[in-house]
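Take a moment with the model before reading on. Turn it slowly, and keep the sequence at hand.

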Amino acid sequence: MSEGIPCLWMRGGTSKGAYFLARDLPAERAAIDDLLLRIMGSPDPRQIDGIGGADPLTSKVAILSPSARPDADVDYLFLQVFVDQALVSDAQGCGNILAGVGPAAIERGLVAAQPGETPVRIHMVNTGEVAVARVATPGGRVSYDGDARIDGVPGAHAGIPLMFAGLAGSMTGGLMLPSGAPVDRIEGVDCTLIDMGMPIVVMDAADFGLAGQERREALDADAALKARIEAIRLIAGPMMGLGDVTLKSVPKMTLVSPATASGTISTRSFIPHRCHATIGVFAAVSVAAAAVLPEGPAARLAKLPADDFFRIEHPTGAAEVMLARDATGAITAAGTLRTARKLMDGLVFPGPARPSP
């Protein structure tokens, strides 16, 4: 590996990450984690000796391999490489990095391109679900050019529709509401503990003395606020069947408030200790699902759409989520539109091994 490792560096949705083929990495997980920390330059707040961008949103990894499942074309393992800790986590999926999996799978020959458009069935290893991405492939080649726009990303690119089924309880035992209730009171705050693709805790920003429209930098600088949110998170984790979450990146903590830009609801999402510049795809789906519950912070504050097309506002715009529901109102599937772009294709060189602390 001193000669370099094949790597696609891609933007997926509102994140950036390194896409690898499993065959190019070590077989053992501990060796993979060590390698990725050295590639990203962690732990270091600047990630100066690696390719990470000094932000959780740009310190992500996708590992791809052919799928043995009959209902999938490719296996996708998502790994979050922490910036300032020697920690690599598979405790969650990532719907933004997922947006780049279809194009990457075609670029790397895991899926054959079809004329015009290529559907790619993606087994999300972290959670077990299968997503279907539709990738523009005019002339049998991936195209990143198009007129689709998503908030948080400048310019227009080829749209990548993503559809998901079976998201309920993705990491919490198959239950959308793992505690069994739409509202749990934790540390004096009404919380909705929900997992519709991403385990999150939904709370009313007003319960923290906030309007809900604060800049992410101001929220990140509020040590007292973050300590209070973390105290709730540590209690909510076991209630959601996630065990001790002290060193885990889930559940995400989401403050909600009334929408201000013709959306469904406004959010400030902590992932879990820094405020997200936008909101993750699966977190946005979980917020939309919380909004259609009979009660809870999101249900109380949301302005529900007439067409099940939800705009989940975040610090830099809004994420669009579509919910499909049956006659009883139960959510049967969810969809979203993302974009992705290949930024670099080449070899990455990991830094030297670091001595144990």
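**A walk through the model**

The buried residues of helix H6 are Val281, Phe282, Ala283, Ala284, Val285, Ser286, Val287, Ala288, Ala289, Ala290 and Ala291. That makes 11 of its 11 residues, so H6 is mostly covered, where buried means under 20% relative accessible area, exposed over 50%, and partly exposed in between (1.4 Å probe, protein chains only). Helices (H or I, at least four residues) and strands (E, at least two) are DSSP runs, numbered from the N terminus.

A word on the source. This is a predicted model, in which local features need pLDDT of at least 70 and side-chain atom pairs count only at pLDDT 80 or more, while totals for chains, interfaces and linings use all residues. Residues are numbered from 1 along each chain as its sequence is written, and side-chain values use heavy atoms, with hydrogens and water left out.

Rolling a probe the size of a water molecule over the atoms shows where empty space is left. Here a 1 Å grid is laid over the protein atoms alone, and a pocket is an open set of points where a 1.4 Å probe fits, with protein on both sides within 12 Å along at least five of seven lines. Grid points are joined across faces, edges and corners, and a volume is the space filled by probe spheres set on the points. The largest pocket has a volume of about 450 Å³. Its lining has 28 residues, and the closest to the centre are Pro56, Gln80, Lys252, Ile271 and Pro272; a lining residue has an atom within 4 Å of a point. Strand E4 (74-81), helix H2 (95-98) and helix H6 (281-291) are the elements that each give two or more residues to this lining. H6 gives the most, with 3 residues.

Now find helix H5, residues 223-239. How far apart are its end C-alpha atoms? They are 25 Å apart. The expected span is 1.5 Å times one less than the number of residues. An α-helix has 3.6 residues a turn, so residues three or four places apart point the same way. After H5 comes glycine 241, whose phi is positive, near 80°.

Follow E13 to its partner. Two strands pair if DSSP finds at least two bridges between them. E13 and strand E14 (residues 309-314) pair in the parallel sense over 2 bridges. Serine 266 stands opposite glutamate 313 in E14. E14 then pairs with strand E15 (residues 317-325) in the antiparallel sense, over 6 bridges. These two strands form a hairpin with 2 residues between them.

Go back to strand E1 (residues 5-12), where 7 of 8 residues are buried. E1 pairs in the antiparallel sense with strand E16 (residues 331-348) over 8 bridges. Methionine 10 has lysine 342 in E16 as its bridge partner. E1 also pairs in the antiparallel sense with strand E2 (residues 15-21), over 5 bridges. In the hairpin of E1 and E2, glycine 13 takes a positive phi near 60°.

End at arginine 134, in strand E7 (residues 130-137).
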